[in-house]
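Here is a short briefing for a first look at this structure.

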Amino acid sequence: MISKLKKLKQSLSKTRDNIFGKIGRIVTGRKIDDDLLDEIEEILLKSDIGVGATDKIIENLREEARAEKVVDSEEVFSLLKKEMAEILEKNKKKSLIENGFKPAVWLITGVNGTGKTTTVGKLARYFKANGKSVMIAACDTFRAAAVEQLGIWADRSGVDFIKAHTGADPAAVAFDAATAAKTRGVDFLIIDTAGRLHTKANLMEELKKIRRVTEKVIPSEHIFSKLIIDGTTGQNAVSQVKVFASAVGCDGLIVTKLDGTAKGGIMVAIAEELSVPVDFIGIGESIEDLQPFDADEYVEALFES
Amino acid sequence: MFGELVDKFDDIFRTLRGAGKLSEKNIKDSLREVRRALLEADVNYKVVKEFVKSVEQSAVGEKVLKSIEPGQQIVKIVHDELIKVLGEKAVPLAPMDKAPTVYMLCGLQGSGKTTLSGKLALSAKRKNKKPLLVAADIYRPAAVKQLKVLGDSIGVEVFSLEGKKPPEICLEAKKYAEQNFIDLVILDTAGRLHIDEELMEELDQIKAKVDPDEMLLVADSMTGQDAVNLAEQFHQQLDLTGVALTKLDGDARGGAAISIRKVTGCPIKVVSIGEKLSDLEPFHPERMASRILGMGDIVTLVEKAQDSIDIEKAEKLEKKLRKNAFTLEDFYDQMQQLKKMGPLESLVGMIPGMGKALKGVQIDESGMRRVEAMIQSMTPYERRNPGMIDGSRKSRIAAGSGSSVQNVNLLLKQFFAMQKMIKNVNKFKIKGLPKGANPFQM
C-alpha cells in the first residue's frame, strides 16, 4: 500500500508541481477573497475538472467562507480536498474481485485509442495475481492486428484466450467465449471490443448486440460494462459515458494514461454529473501500473506538496 | 463536428439579436457565455482568456455600438477572431516534389498515428505517387503487424526491420526509398508521452537521421486542457511543421484545435474524420470558424458534391425530369451518388442551420440501405416501370430484400408522390428546372 501510494504520487507529481502545488502556494497566508477563489477556479479549470464541477466546488468554498466556518485560507486547502474526494467517492462500490459471480464478465468498451486492449492485458494479470482464473476474448475483429496484440498480452499473463479471425462477427466471438468461460468454470471473462466513437449509431448497435448475445449464456447481472476513458480527454468524456451507458450500461470507468501531464480532472466532472464510479486508473506502461482507484489516495497524491 | 459549440453560440447570439443595441452589460454577458462555451469545448484556459479579451476590445468599440444589427456584428467579430487563432488560411502538407519526400508522424499513444499513416499513403497513391509506410513502432505488441495489414489493404508497401532501433529503421527505410523510386516515405513512430525523455530523444535521433520534410504532430481532437502541454513539448523537441487532428467525426467540441494552434503556431494541415482510410480532409480555418459559429460549412459540401457527382448523369437526369420520365433506376443512381459524398450525418452537419435543427436526430442510414435492397431486388423492367409491380411481384421483392410487403408499398407510394411532385413542377412551367432545384443534386 505504501509503495503503491508512492508510485501514484510519483506519477502524479507533474500535476502536483504544475497545478495543485500552486494551490498550496496560493492559499498560504492569505485571506479568502474573490481573487483567491478566481485563482483556484483557474487551477481547477486547467485540470479538466470542467466548468460545471468547478462552479460547484467554488460555490461551496465561497459559501463556507461566507458562513465564516472558514476563516483561514489554509483551511481552504483541506476543504478543497474534502470537497473533491466527496465528489469522487459518492459512487463508490463494493469489491471488484469478490462478487460471487462465476464467471463474471467484464465487457471492455471505449472510443478509439483509449487503451482498451492494453488495459485488458493488465486486468487479466491483476485478476490472476489475486488468485482468480481468467479468460480473455478478442472481440476487436475490426482493427488490423488487434487480435494478435491481445494474444501477446494473453501469453504474457498466461490466461485463456478466445479469438477469431479479423472481420469475424464480434458478437459470435463473445458468445463462444461466454460459453467456453461457463464450461471451463473460470472466474473472470474479459471481453475486449473494438474502439468506436459513441456518435456512430451502427457501431453502438454492434456493441449492444455483443452484450445481448452474451446474455444468452451469462445472466445480465453477471455482466459488467466497463468504459475506458483516456485520461487526457477533455469534457467530451462526459458525453462518452452517457452514450455508452445508455447503449450497454456502464458499471465503472477505467481511466488510462494518467502518467502524463494530464491528471484526469475529468473524473471529477463525470462523478459530479453521473453516478458512475472509477474502478481502476492506469498510471504507467508496465503491467502492474493498473491500480484500483481510491479517491482519498488520489486526492491525497494530487495535493501532497 | 463542433456541433455543441455551435449550439452554444446560437443560444448566445439569439438573445443578442433581440437586444436591439449593444450595451456594455450585454457584451459582458455574452462574453461570459463565450468564455464558458469555449472552456466547455476544452479550449485551454489561457487561450480562452486572451481570446475573450481580444473580442472584447474589438466589440466595445464605437463601431459596434452604432451598428444597426449588433448581434451580427458580434458574430462577425468572434468569427474573425476564431479564424485568426485557427490560422488565416489553409496550409497544405509539404509537396511531394522530391523523391523521396519524408513525412514523420509523432504523438501520444492512441492519437491515431497508424490510421493516419494509412490515410496519407492512400491519398498519395490516389495522386499517382508511390508511398512507403515505415513501421517504426517496435514497442507496442503487434504494431508492426497492424501497419502491414493496413498496407496490404490499400496495396502500399510496408518497410520493417527486426532487431533494429527506430532511428536505424527509419534511416534504412529512407535509403530503401531512394533506391526504389518511392515518392513518399511515411514514418509511423510509436506513441509516447511528451514527458518521456528517453523516447522523446529517440524522435530527435530519427529526425536528425532522416531530415523529414514534414514533422507532423498527430493529436486527438478530444484532448482536454493538456493539449497545450503536449503540443508545447513536442514542438520544443522537434520543431513541428504541422498538426493533424484526428477523430473529428465524434462529438467532441474540438477546442484542442484552437489551443494547439495557438501555442505552437503550427498550422493544422489535415483532419481525420472517420475510420475508413479515405476519410481525410485538409483543414480549412475559415470553414471551421464558420462551423463553430453555426454558419454551416457549405463550401465543403459543395466541394464534396462536385467530387462525387457525375455531371453527365446529372444532365441526363435533368432531361428525364423535364420529360416526367423519372424512374426508380434514376432514384437508385441518385442514392449512390449521395452515398459517395460520405456519411449522411457529416453531410447534414455541414448544412447551415441544420446542426441545430437536427440536434439529437439520428440519421438512419439503415433506412437508406433498406430502400437500396428493395430496389436491387427488382428487375430492370420493374425499376423502369414501377407502376406494373403487382402483389406477387411485391412479395417477391420483399422476400428478396429481407423486407416486408408493407415496406415495398411504402417505397412505391413515396416514389409515386415524388413523381407527381416533379410532374407538377413541370406543369407550372417554373422556367425550366434550375440545377439547384433537383432535390438530390444539392
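**Cysteines and the chain interface**

A search of the whole structure, which is a predicted model, turns up zero disulfides over all chains. A:Cys139 is in no disulfide, and the nearest cysteine sulfur, that of A:Cys250, is 18 Å away. Chain B and chain A also meet: 34 residues of chain B are in contact with 41 residues of chain A.

**Cysteines**

- A:Cys139 is buried, at a relative accessible area of 2%.
- B:Cys266 has its closest cysteine sulfur in B:Cys106, 10 Å from its own.

**Extent of the interface**

- The size of an interface is often given as the accessible area lost when the parts come together.
- Between them, chain B and chain A bury about 3300 Å².
- Carbon and sulfur atoms carry 55% of that buried area.

**Polar links and make-up**

- Three salt bridges are counted between chain B and chain A.
- A salt bridge joins the side chains of A:Asp55 and B:Arg36, at 2.8 Å from N to O.
- Across the interface of chain B and chain A, 14 residue pairs are in polar contact.
- On the side of chain B that touches chain A, helix 2 (24–40), helix 3 (45–59) and helix 7 (143–154) of chain B each supply at least two residues.
- The residues on that side of chain B comprise 11 nonpolar, 10 polar and 13 charged.

Note on methods: Residues are numbered from 1 along each chain as its sequence is written. Chains are lettered from A and ligands numbered from 1 in the order in which they are written. This is a predicted model: local features need pLDDT of at least 70, side-chain atom pairs count only at pLDDT 80 or more; totals for chains, interfaces and linings use all residues. Side-chain values use heavy atoms; hydrogens and water are left out. A disulfide is a pair of cysteine sulfur atoms within 2.5 Å. Buried means under 20% relative accessible area, exposed over 50%, partly exposed in between (1.4 Å probe, protein chains only). Contact means heavy atoms within 4.5 Å. Buried area is the accessible area (1.4 Å probe) that two parts lose on being put together, summed over both. A salt bridge is a side-chain nitrogen of Lys or Arg within 4 Å of a carboxyl oxygen of Asp or Glu. A polar contact is a pair of N or O atoms within 3.5 Å; within protein, one must be able to donate a hydrogen and the other to accept it, and residues adjacent in sequence count only if both atoms are side-chain atoms. Helices (H or I, at least four residues) and strands (E, at least two) are DSSP runs, numbered from the N terminus. Ala, Val, Leu, Ile, Met, Phe, Trp, Tyr, Cys and Pro count as nonpolar, Asp, Glu, Lys and Arg as charged, and the others, Gly among them, as polar.
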